[in-house]
Every structure is written in C-alpha cells, then in structure tokens.
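Please look at the sequence and the structure below, and then read the briefing that follows.

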Amino acid sequence: MSLSSVLSADAIDSALKDCQAPDSFNPKKFFQLCGLTKKSPQEVKNVFNILDNDASGFIEEEELKFFLQRFSAGARVLTDKETKAFLSAADDDSDGKIGVDEFQAMVLS
C-alpha cells in the first residue's frame with residue numbers, strides 16, 4: 001500500500017509546498033492540507049503503517065525526521081526543532097515514540 005492509495009497526489013503536493021521552508025512544518029496543518037483529517041480511523045491507521053518504516057508499531061524520532069520524504073522522495077527532512085515539536089505534540093504517554101493510537105488521536109482531533 002502507498003500513501004497515494006489513501007491521499008490524492010495533488011493534496012500531498014499542496015501540503016508539501018506549504019512547509020518547504022525549514023521550521024515551517026506544522027503537523028496539524030499538514031494533515032489538514034493533505035486530506036488525512038477527513039479519512040476514516042482505518043485509513044489513518046493504514047497511513048501510520050506506511051510511515052512506520054521499520055514496522056515496529058511505533059514512529060520513532062529517527063523516522064519522524066524523514067516524515068515528509070515518505071510522502072515524496074524529493075521532500076526535505078524535518079529540522080531537529082520540528083522533529084522534537086512533532087514528537088512532543090503526538091507522544092501522549094511520553095515514551096519517546098508515537099504509537100498508532102497517538103497518531104490517530106493527533107490526526108483526527
């Protein structure tokens with residue numbers, strides 16, 4: 001499964017264009033622009049599984065850094081500041097990684 005099977009290419013492009021500049025990434029805005037906030041909980045879970053590069057059941061800080069590149073290979077990496085802000089915004093149980101329930105809560109809230 002690929003992200004384009006859940007989200008439209010145009011919506012992904014629009015979301016990526018919005019955060020091209022370093023330190024301009026906002027996860028909530030990105031999820032809205034790419035259309036993820038309008039998807040079902042199962043579709044959000046499918047996207048999580050695609051983003052969970054090592055299939056550990058969690059998105060760790062190292063995977064978050066390359067978050068935008070999972071949407072488009074030519075996208076930039078997140079800055080350390082953006083990565084840490086994203087992690088702290090989604091990591092409700094403070095275990096240093098984002099589980100599927102935390103990801104769904106962040107996207108769908």
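UniProt, in an unreviewed entry, places the feature "binding site" at D52, D54, S56, F58 and E63, and such positions are given in the numbering used here, with shortened feature names and with annotations that may be inferred rather than shown by experiment. The model is predicted, so local features need pLDDT of at least 70 and side-chain atom pairs count only at pLDDT 80 or more, whereas totals for chains, interfaces and linings use all residues. Residues are numbered from 1 along each chain as its sequence is written, and side-chain values use heavy atoms, with hydrogens and water left out.

- D52 is placed in the loop between α3 (41–51) and β1 (58–60), where helices (H or I, at least four residues) and strands (E, at least two) are DSSP runs numbered from the N terminus.
- D52 counts as buried because its relative accessibility is 5%, and buried means under 20% relative accessible area, exposed over 50% and partly exposed in between, with a 1.4 Å probe and protein chains only.
- Leaving aside neighbours within four places in sequence, D52 is in contact (heavy atoms within 4.5 Å) with G57, F58, I59 and E63.
- E63 belongs to helix α4 (residues 61–65), and E63 is buried, with a relative accessible area of 12%.
- Not counting residues up to four places away in sequence, E63 touches L51, D52, N53, D54 and F58.

- D93 is found in the loop between α6 and β2, whereas E102 lies in helix α7.
- E102 counts as buried, at 10% relative accessibility, and, apart from neighbours within four places in sequence, E102 is in contact with A90, D91, D92, D93 and K97.

**Helix α7 and its surroundings**

- Two packed helices are described by the angle between their axes and the distance between the axes.
- α3 and helix α7 (residues 100–108) pack at an angle of about 120°, with their axes 10 Å apart; the axes are lines fitted to C-alpha atoms, for helices over the stretch in contact, and angles run from 0 to 180 degrees between N-to-C directions.
- The buried residues of α7 are E102, F103, Q104, M106 and V107, and what covers them includes α2 (27–33), α3, β1, α6 (80–90) and β2 (97–99).
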